[in-house]
Every structure is written in structure tokens, then in C-alpha cells.
Amino acid sequence: MQDTHRARRGFGFWAAMVIGAIVLIFGLPIFGGGIWLASLGGSWYYIFAGLGLLLTAFFLFRRSMLAVWIYLITFVGTVAWALWEVGLDGWAQIPRLVAPTVVLILILALIPALRGRFATPRGTAAAAVGGLFALVTSIAVLNVSQQGIAVAQEEAPAEDAQQALPDDAGEAPAGQAPTVEEPATQAPATEQAPAPDAQEPTPAATPEQTGEEAATEETTPEQPAQPTTEPAATSPTGVPLRGVLEMPQTGADWPAYGGTHHGTRYSPLTQISPENVAQLERAWEFQTGVMPPEDADESQRWSPENTPLKIDDDLYICTPTNVVISIDARSGEEEWRYDPGIAPEILSIGACRGVAYFEDPEAGPDDFCARRIISGTEDGRLFALDADLGELCTDFGTNGQIDLEDGLGDTVPGWIGVTSAPTIIRGIVVVGYNVNDNEAEDAPSGVVRGYDAVSGELVWAWDLGNPDNRGAPPEGEVYTRGTPNMWTTAAADEELGLVYLPLGNSAVDYYGSNRSELENEYATSVVAVDVTTGDDVWHFQTVYNDVWDYDLGSQPALVDFPTENGTVPALILSSKQGEIYVLNRETGESLFEVEERETPQGGVEPDYISPVQPFSTYHSLAMDPIEERDMWGMTPLDQLWCRIQYHDSSYEGIYTPPTTDEWYVQYPGYNGGQDWGAMAVDQERGILIANYNDVPNRLRLVPRAEADEAGMSTAIFEDGVGGDPQIGAPYAIDINVGWRDDFTKLMCKQPPYGGIRAIDLATGETLWDQPFGSARANGPFNLPTFLPFTIGTPNNGGPVVTAGGLIFVAATTDNMIRAFDIETGEELWSDVLPAGGQATPIVYEFDGVQYLVMMAGGHTPMETPLGDHVIAWTLPGGSEQAGEGTTGDSEAP
């Protein structure tokens, strides 16, 4: 008996010592870090919490019951402080309460071992009751996290971003475009004018409407003019021009990257509906067999991002190495493939977002290459294939290919490459390409060119620095180097003959004083170019003197915008900083006032930073500025470190100027707002759908001497710190993408990191907004937590909407594809993907059966699993389910 008692006392002694050591290990950095944080102007809580932990450890080492009482006081104070800071936000409470609650349980378990001269039966009972009360309180708070943030969002949708802007923002009443005040300093690229008043949203189709009726009503406003019979003119380079061609429509097919060249990502199909979508099952799965080499290094990214095309019986997909594959749209069986021979080591982006399709109106239906697939490569080529055979169209360019490096001058392997689908309008292939960001000011030109879709002849070149030449550069010269490029997919209006180019920034993103006047005027603009001449008709700039890498990555959406005086042909443009603009696509004038608001000044270029920036009064996806309380982590320790970084950085809200003497915070970061995934628009219901990112970056401009000393190469510091050299500028740039903690790899900002929002098309008002993406595949140290709770993850890839009332979207880092009710935002169906779903799905019909198809290929920068999967879903029974509500031949005549 005595030996047993001694053993228990020995165990209690060592338990108290071990737990005391744990508390001490936490207490020292929390106390010291708390002093550091307070000295920077931050919260004083950590000083008191750290002091409480140190005292708790001291009395644990003495095996005194005072340890329990001191920790109870510290814990209750922590709960009170946590509730005061963030209320009942479960995810926000995780770093504040989980670790302290675990320590509480451990200390309460020590009570029997701590009974001594400071303990009495009544005191012990009181301590236990008090501890249990504190524990129950914390569990009740943490229970909110099990509900997920989505519940709170369901009950109270997030406010529009413009509602959180300063009181003097001058928001226009719903449905009315306010008058435009002349700016005091800098004017926008296009003169803004108020538009006619907006009317109420177009009524939704009734449940009794068939899919065919919905298709007719959807496509009627987009009906192209009939092909012209007038003799064709010639381009500035002497190439004969075609007239207006019929634009293929969605329904049975998905003929273009954005559904159509209008980029609305809308399908008139209705067979799959909110009532039956939960029954979706996999119809087939195809694997391309194209994967990154096993010895690939970190600089070789793999990000397929592919949206297939569906034409007649076939699907056309491309891989990161630009292999084009045709598969049967019903069975998923391979029909042919063409490999252009891309070396994986030159992949800088590792993306092939899509290919383009063209039918030669002058060819016979059985002629070779009458139907052709046109695609680009990451080593700077453009090629055309016979859509039925997969063989090069030898009449296109030189033996089926065009060298896009012609006229660019010196390049470096991997610096330029086509990563997005070309746009074909009036038989002219409009193509830009990616130019690696921040390598050098003397980077290759961002010239955008148009080529004849049959012959491959150069129709025109839009060289920003040489507007008087629409052809190839003269002998011995090159296209203007370092100019903004178009790396995403353009939208086009066949009838107007305009193609809309979303431009990026200049070659160096984070320093602008060396830019030309034309670069300052056109960078980060959408440019409407006459597809017959290559001349720009109008342009609209979304950022003045952009030093934040807020280039335009989203394909614009072309809609007939509802107003009280009828519809207006409009272009909807979303941006990385979250602003959504609505422009008259004939003139470039904004249909809603664009306000020029004062933004922060200073940084390393005080004379270059624009004193104002253009803000949309239609809608914004931007959130309120982040504060110290928005910092996050796995424990109080990493949350404290993020708080210290916050106060040790320059941050004055959106458009904080870049600095070099200290780090600065960019919020939102360059990945959104909205990036290349773009929006989807249901014009019948009058609803615009946008998924978005809500993530900051933390950056610092690195003086050239310091960058050289660090051994910066074209992609990474030798010591492993990510950055870009910006050769030619006085600074390199070091970027902590997503502002992640160095140890846990968690983001410093608390969730959500991404969401999906429905917007009233006519008024710009939010209909519903919620985070999407669960914590199941995400967690500290890049390990999955397997928690099914909605957290709101970063997302890349766009949505698709259908006349059946559904949104299909993947994009999130939890490797899921989901279906939402477009009217309510309710999640109705989901499936786990075999790899990351950073791509946009498509919807089509085959033999009366509606299919949902997407590529799950993963994404290196987003750290999702890599794969080569193309997956199709249908309702059970396949063709037996086809019938009323399908729209087998729903293309507009």
C-alpha cells in the first residue's frame, strides 16, 4: 500500500514537472512576444497571458494549488478577451482557445497531485467547478466552428464591399448611375458617363419552361448577324478579311473557353436540376497519361487549369505540355492525340487553359482541316490541327505552325508561352501570351497579334509602343520590349467586330518610374481592338500606375445589360482588387459611376504613385481592411507572431505603396479578388456568379545591391527565399504569397480565404455570399485535417451556370467539385476529385443526356495533388433520363 502511494506521488511529481515545463515553454515566448507586440502598438493581452503562464509554471514546479487558481484566472481572462475581440466566430477562436483549453484540462487533472498546505477540500472542489465552468464556456464557443462560417453567412449575407467604404464614397442609389465629377488630379483612361437607369432583373424562367425555350431566350440577344455577302476587304498587312460569321452557342456543345466568345459560362440545359442533382454519378473517367517528370524541380510548375471544348461528338483537351487530345464525348475513349514536343523543363506556368475551334466557311464538310483546333504552346508556338484526325494543317503558317517569337528579339527559354485559349473572331485568331513577371524590364514585348485562322498569315499586330505599325517590325527591329501583355483569354463581339483584350502590367510589376507614358496609360486596362485593323477603339484602365500586380486575368463577360430604357450591349470586367466594372462595349463608357478616391501615398516612388484610384459603384468583391485581430494561427504562439508581423509592416489599406525599409501588406493579394477563373452570368435570372479569393500577400522591395549579394536568379534566391529579380529596376521583389507563417505554413489572416457570391445583374446588389471549400485537405504543416467543416479556401477556376438553376464549380483546395442552387446558394451535391480541381467545368448534351465534365489536374502553386484526370458525371440511367427538359440542339440559328 505504501509503495503504491509513493508511486502515485512520484507520478504526480513528474506530471507536474512535465506540464510545468510545457507551460513555461509557451509562457516565455508569449510574455516576451507580448512585450514586443505592445511596443509596436499592438494588444497588451499577451503580456498578461504570458505572465499568468509563467506564474502557473512556477507554482506547478512547487506543486502548489496556486497554479490551478492562477491558470483559471488566466483562462477566464483569455475567454473574455477572445469573445471581446471576435465574438462567436468559431474559426477565429481556434488559435485563441484550443491550446489554452488543452492546457486547462491538463492542469485540472493535476489537482489530486497538488493537494498540499495550500489546498483544502473546499478549495479543491471550487477549483474543479471553476475549471469545468471555464471549459464548458470554451467548448460552447468552439462549437461554432463545427457549424462552419457558412451558417453565419446563411443567416446574414455579407455586405457589399462598397457599403464598407468611407462615408463620402457617394454610392449611387440602386438602379441609378450617379453623375461623374471631374477628378482633381488624374483622369481615367476613358471619359466616364452615366448610363440609363438600370431596371429590375429579368424575371426567371418558369419551371414549366423547357430547356429549348430557355435556350432561345438566352441566345436571342446574342444572335449574330448573317454572314456578309459584300466583297471582303483586306487587313493592314494585305490579308483578305471575312465578314460576320455565326458564333457557335452552348447547349449540345461547349464551343469556346468561356462557353461562347461572350464568356458568360452559361448553358441552356435543364435536365440536371436542383431536384435531381444529388443523384449525379460518374459516367466515365479518362486519364491523359501526361504527368510531370519524377525529377522535376521546384521551378517547374504543373497547373493544367484546362477547360475542355465539346464539338459535335468530341471533346478536346490539352495538357500542361500542350499535348492536344480528342476523346469521345459519350464514352471518354481516346480518339487521337498530338504532341508538339514541349520539354517539361521549360514550363514556367505549366498551364494550358484551353484550345480554340474554327470551321472554315469556304471549305467543304469533308475537306482536310475544314474543322480545326488551334492551340498555343509554352515555348511560343501556335499550331492548327484537323479536328477529326489530329494532324497538322499544313496550310497554316509553316507546315501547320507559327513561331510567335518572330519579332520579339532576345528571349530566354520559358520566359514566354501561350497558357490560355486563343479567341477567334471573323476567322482571325487573336493570341497573346504569358511573359514571366518581374524577370527584367527588357523582357520580350507583350504584343497581341491576329492571324488568319486558315492560312496563318499575320493580319495585324497590336504593339503598344509602335501604334503606327500594324505589321511585323521592320528589318533589324523588334516589337516594343517590356510592354503589358495579354496572358488570359479575350472576349469578342462577332457582330461589332471588336475583341476585348484584358491586359497585364508592364514587365516589372512592383516598380514603375521607368515606364513609358503609353505603358502608364494602357497597363492593367481592357482594350477594345477592331479585329479587322488591329486599331484600339477604346480602353478602360482599372488601376493607375499599377505597382501591385493587379493585372487583368479574368476573361470579360459580354451581356445585354438591363436598364429602364432597354438593354445596352455591355462588358462586365472583374479585377484582382475586387472591383467589378460594367462598360458599354461599343464605347467603353461605364454604365455606373467610377469614383476616383484618394489612396495611400509614399513608399519608394512617392512621385509615381497615383493619388487616386478608380472604384466601381456597381459592385466590389473587396473586403474591409484587415486589422490585428484578423491575424490567425494554429496556437497563440503563431498568432502572436503574425500580429507582430502585422504591426511591423507598412499597411494602410488597399493600394498600400511598396516599401523597402520594411515589409508591406498587400490586401487583396495578386491572386484576387478574381483571377483567371472569371465570372458566370445567367441573364434569364439576372444573376452574376463570382467566386473569389480573400488572401493578403506580404512583400518587400529588395535593394539591388542586397539582391545581388543574395545571389538572386531568375526565379529564386539561393538561400531559398522566394522572389523575383526585376532586373533593370533598382529593386528586386520578395513575396510571401498568401502571407504564410514560416513554421506552420498556415496563413496569417484568419479564414475564410475564399467565397462565392451571387450578384443582382441589374443593380449590383449582393443576393447571397458565403465561404466555400472545407478544411478536409488543408491544415498546418501542409497536412490534411480531414475536417469536413466549411472554412473558405483559396480557389482558382471559374463557375458554370445552367438554365436548370445550378452553379457547378470546383476551384477550392479541398479537391472537391460542388453544385449550388443559384437562387439560394445552398450546396446540393459534391464529389471528391482524384486531384486538385483548379479548372472550370463544362456542361453539354450527347444523345439526349446532359453531361458535366471537368479536368482534375492539380496545381503546384496551390499545393493540391497533381493528376491527369478528365471526369464526366450524368444522372443515373444515362439515356433513360433524357426527355422533357433537355435541349439537344439548342444552338441559336
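Let's start at Ser650, which sits in the loop between helix H10 and strand S27 (664-666). Helices (H or I, at least four residues) and strands (E, at least two) are DSSP runs here, numbered from the N terminus. Ser650 has a relative accessible area of 10%, so it counts as buried; the cut-offs are under 20% for buried, over 50% for exposed and partly exposed in between, with a 1.4 Å probe and protein chains only. Once you set aside the neighbours within four places in sequence, Ser650 is in contact with Thr656, Thr659, Glu662, Trp663, Tyr664 and Val665, where contact means heavy atoms within 4.5 Å.

Before going further, a word on what you're looking at. This is a predicted model, in which local features need pLDDT of at least 70 and side-chain atom pairs count only at pLDDT 80 or more, while totals for chains, interfaces and linings use all residues. Residues are numbered from 1 along each chain as its sequence is written, and side-chain values use heavy atoms, with hydrogens and water left out.

Now step back to the whole protein chain. It holds 11 helices and 40 strands, and of its 893 residues, 62% are buried. Take the contacts with a separation of 6 or more: 66% of them are between residues 24 or more positions apart. The accessible surface comes to about 32,900 Å², and carbon and sulfur atoms own 53% of that; the areas come from the Shrake-Rupley method with a 1.4 Å probe, and for residues only the protein chains shown count as cover.

How many disulfides does a search of the whole structure find? The search turns up three, a disulfide being a pair of cysteine sulfur atoms within 2.5 Å. Cys642 and Cys748 form one of them, with sulfur atoms 2.0 Å apart. The torsion about their S-S bond is about -70 degrees, so this disulfide is left-handed. Cys642 is in helix H10 (residues 636-647) and Cys748 in the loop between strand S31 (731-736) and strand S32 (754-760), so the pair links distant parts of the chain, 106 residues apart. Cys642 counts as buried because its relative accessibility is 1%, and Cys748 is buried at 0%.

Another disulfide joins Cys318 and Cys352, whose sulfur atoms are 2.1 Å apart. Here the S-S torsion is about -105 degrees, so this link is left-handed. Cys318 lies in strand S4 (residues 314-318) and Cys352 in the loop between strand S6 (334-338) and strand S7 (356-359), so the bond ties together parts that are 34 residues apart in sequence. Both Cys318 and Cys352 are buried.

That leaves Cys369 and Cys393, with their sulfur atoms 2.0 Å apart. Their link is left-handed, with -95 degrees about the S-S bond. Cys369 is in the loop between S7 and strand S8 (371-376), and Cys393 in the loop between strand S9 (381-386) and strand S10 (401-403), so this pair ties together parts 24 residues apart in sequence. Cys369 and Cys393 are buried. Number the bonded cysteines of the protein chain in sequence order, and the pairing reads 1-2, 3-4, 5-6.

Strand S32 takes us on to a sheet. Four strands make an open sheet in the order S28-S29-S32-S33, with antiparallel pairing; two strands pair if DSSP finds at least two bridges between them. Strand S28 (680-682) and strand S33 (766-771) are the edge strands, each pairing on one side only. On average, neighbouring strands of this sheet are turned by 15 degrees against each other, direction ignored. Those angles run from 0 to 180 degrees between N-to-C directions, and the axes are lines fitted to C-alpha atoms, for helices over the stretch in contact. S28 pairs with strand S29 (residues 687-693) over three bridges, and Asp682 has Ile687 as its bridge partner in S29.

Further along the chain, look at strand S35 (residues 806-809). Leu806 and Phe808 point one way, Ile807 and Val809 the other way, and all are buried. Strand S34 (residues 800-802) pairs with S35 in the antiparallel sense over two bridges, with Val800 partnered by Phe808. Their hairpin has three residues between the strands, and Gly805 takes a positive phi near 90 degrees there. S35 also runs antiparallel to strand S36 (residues 816-821), joined by four bridges; here Leu806 has Asp821 as its bridge partner. The hairpin of S35 and S36 has six residues between the strands, and in it Ala811 takes a positive phi near 75 degrees.
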